[in-house]
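Please keep the sequence and the structure in view while reading.

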Amino acid sequence: MLVRVSHSEGRTTLADYRGALTTRAARRPAVASVLARLPIAMIGISALLYVQRETGSFAAAGLVSAGSLVGVSVGAVIQGRLIDRFGPTRPLLVVALLSALSMAALVTAIESHAATAVLVAFGAATGLSEPMVGSASRALWTRLLPPGGARNAAFSYEAISMEVFFILGPGVAGLLVMAPWAGTGLVLGVALQFTGAVLFALSPAVRAWGPSTGPRGTLLGALASPGMRTLALAALGFGMVIGFVEVAVPASATAAGEPSVGGLLLSAWSLSSVAFGVAYSLRPWPRRLGLRLPALLGGFGALVALLAWPSSLWGLALMMLLAGALITPQSTAHSAAIEVVAPAGTAAEAFGWVLTAVTLGLAAGQSVSGYIVEHAGPGAAFLAASVAGLVLALAVWLLRGTVRVPTTATVEEPELVGAR
């Protein structure tokens, strides 16, 4: 249906959060979505630790992890396009089954001490078939809530909840790898993900989301929009900065003689990210999304430069808390920008492209950071992360005109569940 939309630039209130999360039709898919997304970080870390435990090689474990990231980056876009075209139920049920099968194959290969190339192939398959419940959940809110504060709060909730999952996942994985069988965390994570994806796909609100009846888009899909390409560039920069830091921080802890502290330090900036993310959503700045994307990325890059300054792990922890404050605001801004720049009928695919851009940025940042750490130390890697963030923020700023938020616009909105 065609509606008149007044864009609120993403500002929310606490009442908007309450209204979004108590929407009757959203209850079952929201709970199922939590179950499906909770083990996302847990599965990746569990697989890495499991492979390392069985093979004795961090190199092999890293290759399997990289293969999984490549699979996720490809699968996110493919699944998003299928969800937009056919609705979420059938695609999610199929990939949930494929995910369970590919994970069973990976576990079998690990236990049989198969060649590294075989492990990498199965790792890529598990990433490719990871159910993209996050993309479907984010797109579902546009069918459950009208444009405005409550919908913006729902997008913010999606970003904040994912950050919480990434805080909990590595810790749970680290505990479960100490179980009598090192694959416990991997199997438990996949079981939770499979159950959550199936429950989400079969919930009434999701089943009511039928196949698209609109015209087929271009081969580029969501990326046909210039604004969508600008958003993907911002997401790439976001992932790249994080990728640099995720290697440099554990390296700093190892250099200080406390290798076990590296994971805790990374959790520190996630904690400040969640806390500041809620506050930021109540009064986002800058108001214009076209300026918000480069401002947040540039600010993030500038704050990461401070990580090169401390001479102790305590000082690094404090700087991590400061830099982490701009993580969730960026994720929330990316979600809000999809509303503006994604072509009609491509919401799930657009979110998939954002996820792909972040994943590719992570992979690039981690690989370059590893080289810099080896040859120049963690401090140089932090400074390189800052430079990368600032340069890409400048590029996004130059393209800011492609991310336009009209004061009032006529757009095509899906029929709201329960609107009849």
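Phe86 lies in helix α4; helices here are DSSP runs of H or I with at least four residues, numbered from the N terminus. Phe86 is partly exposed because its relative accessibility is 36%, between the limits for buried (under 20%) and exposed (over 50%), with a 1.4 Å probe and protein chains only.

Together with Val70, Val74, Ile78, Leu82 and Leu128, Phe86 forms a nonpolar patch with about 480 Å² of accessible area. Areas come from the Shrake-Rupley method with a 1.4 Å probe, and only the protein chains shown count as cover for residues. Helix α4 (residues 58-86) gives the most to the patch, five residues.

## About the model

The model is predicted: local features need pLDDT of at least 70 and side-chain atom pairs pLDDT 80 or more, while totals for chains, interfaces and linings use all residues. Residues are numbered from 1 along each chain as its sequence is written, and side-chain values use heavy atoms, without hydrogens and water.

## A buried serine

Ser386 is in helix α17 (residues 378-398) and is buried, with a relative accessible area of 6%. Leaving aside neighbours within four places in sequence, Ser386 is in contact (heavy atoms within 4.5 Å) with Gly301, Ala302, Val304 and Ala305.

Note on methods: Helix = DSSP H or I, 4+ residues; strand = E, 2+ residues; numbered from the N terminus. Patch = residues over 30% accessible without salt bridge, like charges linked within 9 Å, V, L, I, M, F, W, Y side chains within 5 Å. Salt bridge = Lys/Arg side-chain N within 4 Å of Asp/Glu carboxyl O.
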